[in-house]
Amino acid sequence: MLDSRIIIVDGMPGTGKSTVSQFIHLQLHAMSRPSHWCHEELTTHPVRLFYDPERHLSWSDYNEEAASCWQRYAHELHTQNQTAILDAAIFQNHLRSMLIFNCDRNAILDLVCRIERLIASLNPVLIYLRPKDIEKNFRDVVEVRGQRMLELWIEAHDQYPYTRRLQVSGYSGFIAFWNEFGDISDRIFEGLAITNLRQDISNEDWGARYREILEFLELPLPFEPSSSSVLDRFTGNYVPLDANAGAGFVLQARDGCLVVAVDQPTFDVARGPIGRFHEVCLIPNGKNRFYVAAWPHEVQFTEDELGTVVTMLVSISEDGWPQFSEVYMKQQ
């Protein structure tokens, strides 16, 4: 494997940053290689810093604080015997924040160059996920997360200084923002001196994407997925044990993994990804245990005395996340 203390996975929404980050983390875990996955929504994310016009008096002021965050984090990683998998660190963090407030584009490039120097001794790796078709990328996001997600994004974008300057609101302004985001990300990527990989995403061939990433990181190929017949015992309709927890879902076996499917996604972030997206995949993690794809949640099924699956427990206990657990009953 590449001798790196930090692997950064970055790009725009919907490109699979968290999915790829988790995949790398689990591959290292399977090899008994110490690693830590830092999800982009982690409350204790070490370098997440968004520009605040009431707090940062200038772009120089913001860049100084951002650089200090990276310097502290780099020092911390030097004291640890593990690889950090950092989800959405530079593009989705600093670039997006600065572009929203229509900052000088050179200030963005200056900050990235400074970050690159601060982490150079960690032998950093950047995996850049770039959709070939940005509009299609967000249509795919809507397919997974629901139309309401796009509506909320556009409502927020219409209030941005970037949108007011451009004087193009609604969907057109939203896509214009992400087109420029992509152009600047490309420019940043092309100027990087650190080890890097760019994946131009045009389809959902996750097998090919994973193989390319493993070859790039010099890691062995992953284990074969479970057969659908092994997973069939878990499939069916599930309803929450707590009547106030919301709607239930359907669990399906598809392409060697379990898929949680709902008709109408919600936006109850505190309850995690189950029900928040149209579909969420579960990744095998031992007998009756699964990881939730792209999230730090785990699932455990319980059986009755006859070996029939009766409940599904979703839980999370990692630092930086609210303590959470939810029980669902399988309808027999």
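Helices here, by the way, are DSSP runs of H or I with at least four residues, numbered from the N terminus. Before I go on, a word on the model: it is predicted, so to speak of local features we need pLDDT of at least 70, side-chain atom pairs count only at pLDDT 80 or more, and totals for chains, interfaces and linings use all residues. Residues are numbered from 1 along each chain as its sequence is written, and side-chain values use heavy atoms, with hydrogens and water left out.

Back to H3 itself, residues 90-100. How many of its residues are buried? The count is 11 of the 11, so the helix is largely enclosed by the rest of the structure. Buried means under 20% relative accessible area, with a 1.4 Å probe and protein chains only. Among the buried residues are His94 and Arg96, along with Phe91 and Met98.

Now, a helix pair. Helix H2 (residues 59-78) packs with helix H4 (residues 105-119) at an angle of about 20°, and their axes are 9 Å apart. That makes H2 roughly parallel to H4, a label used for angles under 35 degrees. The axes are lines fitted to C-alpha atoms over the stretch in contact, and angles run from 0 to 180 degrees between N-to-C directions. On the H2 side, the residues that meet H4 include Tyr62, Ala66 and Trp70, while the H4 side includes Leu111, Arg114 and Ile115. Contact means heavy atoms within 4.5 Å. The residues of this contact divide into 10 nonpolar, 2 polar and 2 charged.

Searching the whole structure gives 25 aromatic pairs. Rings of Phe, Tyr and Trp (its six-membered ring) pair if their centres lie within 6.5 Å; planes under 30 degrees apart are stacked, and over 60 edge-to-face. Phe23 and Tyr210 are stacked, at 3.8 Å centre to centre with 10° between the planes. This pair links distant parts of the chain, with Phe23 in helix H1 (residues 17-30) and Tyr210 in helix H9 (residues 206-217), 187 residues apart. Both Phe23 and Tyr210 are buried.

Compare Phe177 and Trp178: their ring centres are 5.1 Å apart and their planes are at 90°, so that pair is edge-to-face. Phe177 is buried at 0% relative accessible area, and Trp178 is buried at 2%. Ring pairs also join Phe177 and Trp178 into a cluster that includes Phe138, Trp153 and Phe181. Thanks, everyone!

Key: Helix = DSSP H or I, 4+ residues; strand = E, 2+ residues; numbered from the N terminus. Parallel < 35°, antiparallel > 145°, perpendicular 65-115°, else oblique. Nonpolar A, V, L, I, M, F, W, Y, C, P; charged D, E, K, R; others polar. Buried < 20%, exposed > 50% of the residue type's maximum accessible area, 1.4 Å probe, protein only.
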